[in-house]
Amino acid sequence: MRQFLNERHLRKPLPKHINLLFSLGSLAMFLLLLQAATGAFLALYYSPSPEHAHNAVTYISEEVPFGSFVRGLHHWGASAMVIIVFLHLLRVILYGSYKAPRELTWIFGVLLLLVVLGFGFTGYLLPWDEKAYWATVVGVEIASTAPILGDFVAKVLRGGTEIGAVTLSRFYALHTIWLPWLAFGLVGVHLFFVRYYGSSGTPQNTSEEMKAGKPFYPDQVFEDVVGMLILFVVLAAVALFVPVPLEDVADPTNANYAPRPEWYFLFLFQLLKYFQGPLEIVGTFVIPTVGMVLLLFLPFLDKSERVVLYKRPVALTVTTLCVVGIVGLTILGASSPKLETQETPQPTEQLESTPPTDTETAEVEEGEAVFDFQLTDEEIEGTEAAEEVFDFQLTEEELQ
């Protein structure tokens, strides 16, 4: 068994001319594990409710030992993961590594990119500050513009008609349970295909050079570990010296707040502004969906001979336009003015004075019925007596 692993996997020669760009996949895997570890630490102190979420994040940042550092690693690590995964995707396009027989490797890699963006979308609501709330309002509004299923998806994300406690609970569950399981499952399948088909090498490699490079262990593993250590040191320095922003607690009545999503969604945020009225769906759904479908099925659309990118003028032009467009829209989105939301905040006084409707009253009564355990008077007295057992009525001197 040991000899089999050494010959077939660990010491199997890699293609020649492999450079540092081929370590980007390992760096992405390292960041996923780092996000899981730091997220598990933060979950020990976090409470997914509008009443406690912001205070919990403040407590983690100011009171918990190493809390600010771990939160910084998690926050900046998320941005680093988006960058590394994007660069990894560009490396695969640059070297034509998506071509046959590695179509499935590419497809599962693109699905992992969507999961990484899903982590970002569900994660930035959790602090429950002004930016978290209003950025989520914008994101859910964009999702609601999709034809046929748009309203359904928006209601599922919100858990109702407005962003509130149910929304926060659902985003927390997606961020900490559903997406991690999905991510590690996709990583497992992706790695299986990577090992099954082997490294793609560079387009210049001859058939002899594909099996004449350095072994995966220890040479490539050593380079990957060094890259991980350098990346961790950089992230640790950023986490120590660049505080993670936390704005005031979310205020749904704050009509003056300028909603703006995280930087990796700014290109979509900016694109939305060029398509108003009946053309809005072009910016919010048509262009992003078509772009993602083309990216997903790229190996089946580009069946040309595998050569370096500069010898593929069509691929080079499309890739350059996409990168320049995404970067340009991101810069414009970061410096753009406020985007008006469709939700009209109600004045606080109106919210306090508006009497509940018959439907709302019925829903409250229905909700109370769910928690009506039909206790008898004796059981209620027993419960009160039990509460008194734990009411120690300690004086200030006893507490000291």
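The side chains of Asp 302 and Arg 312 meet in a salt bridge, with an N to O distance of 3.7 Å; a salt bridge here is a side-chain nitrogen of Lys or Arg within 4 Å of a carboxyl oxygen of Asp or Glu. Asp 302 and Arg 312 both lie in the loop between α12 and α13, so the pair ties together parts that are 10 residues apart in sequence. This is a predicted model, in which local features need pLDDT of at least 70 and side-chain atom pairs count only at pLDDT 80 or more, while totals for chains, interfaces and linings use all residues. Residues are numbered from 1 along each chain as its sequence is written, and side-chain values use heavy atoms, with hydrogens and water left out.

**Salt bridges**

- The count of salt bridges comes to four.
- Asp 302 also forms a salt bridge with Lys 99, and the closest N and O atoms are 3.1 Å apart.
- That pair links distant parts of the chain, 203 residues apart: Asp 302 is in the loop between α12 (298-301) and α13 (313-334), and Lys 99 is in the loop between α4 (67-94) and α5.
- Asp 302 is buried at a relative accessible area of 14%, Lys 99 is buried at 6%, and Arg 312 counts as buried at 6%; buried means under 20% relative accessible area, exposed over 50%, and partly exposed in between (1.4 Å probe, protein chains only).
- Glu 223 forms a salt bridge with Lys 214, the closest N and O atoms being 2.8 Å apart.
- Glu 223 is partly exposed, with a relative accessible area of 27%, and Lys 214 is partly exposed at 23%.

**Overall make-up**

- The protein has 17 helices and zero strands; helices (H or I, at least four residues) and strands (E, at least two) are DSSP runs, numbered from the N terminus.
- Of the 400 residues of the protein, 36% count as buried.
- Among contacts with a separation of 6 or more, 82% come from residues 24 or more positions apart; contact means heavy atoms within 4.5 Å.

**Nonpolar cores**

- The largest nonpolar core has 60 residues, of which Leu 31, Tyr 46, Trp 106 and Trp 128 touch the most other members; such a core is a set of buried Ala, Val, Leu, Ile, Met, Phe, Trp, Tyr and Cys residues joined through side-chain atoms within 4.5 Å.
- Apart from neighbours within four places in sequence, Leu 31 is in contact with Gly 77, Ala 80, Met 81, Ile 84, Leu 231 and Leu 235.
- A second, separate core of nine residues includes Val 138, Leu 268, Phe 269 and Leu 272.

**Helix α11**

- The axes of α5 (residues 103-123) and α11 come within 9 Å and cross at roughly 145 degrees; axes are lines fitted to C-alpha atoms, for helices over the stretch in contact, and angles run from 0 to 180 degrees between N-to-C directions.
- On the α5 side the contact is made by Trp 106, Ile 107, Val 110, Leu 111, Leu 113 and Leu 114, and on the α11 side by Met 292, Leu 295 and Leu 296.
- By class, this contact has nine nonpolar, no polar and no charged residues; Ala, Val, Leu, Ile, Met, Phe, Trp, Tyr, Cys and Pro count as nonpolar, Asp, Glu, Lys and Arg as charged, and the others, Gly among them, as polar.
- Thr 284 is in α11 (residues 280-296) and counts as buried at 9% relative accessibility.
- The side chains of Thr 284 and Thr 145 are joined by a polar contact of 2.6 Å; a polar contact is a pair of N or O atoms within 3.5 Å, where within protein one must be able to donate a hydrogen and the other to accept it, and residues adjacent in sequence count only if both atoms are side-chain atoms.
- Leaving aside neighbours within four places in sequence, Thr 284 is in contact with Ile 142, Thr 145 and Leu 272.

**Backbone geometry**

- A cis peptide bond with omega of about 10 degrees joins Ala 100 and Pro 101, and Pro 101 is in the loop between α4 and α5.
- Tyr 217 and Pro 218 are also joined by a cis peptide bond, with omega of about 10 degrees; Pro 218 lies in helix α9.
- Trp 128 is not a glycine but has a positive phi of about 55 degrees; Trp 128 lies in the loop between α5 and α6 (130-144) and counts as buried at 5% relative accessibility.
- Ile 148, not a glycine either, has a positive phi of about 70 degrees; Ile 148 lies in the loop between α6 and α7 (150-158) and is exposed, with a relative accessible area of 83%.
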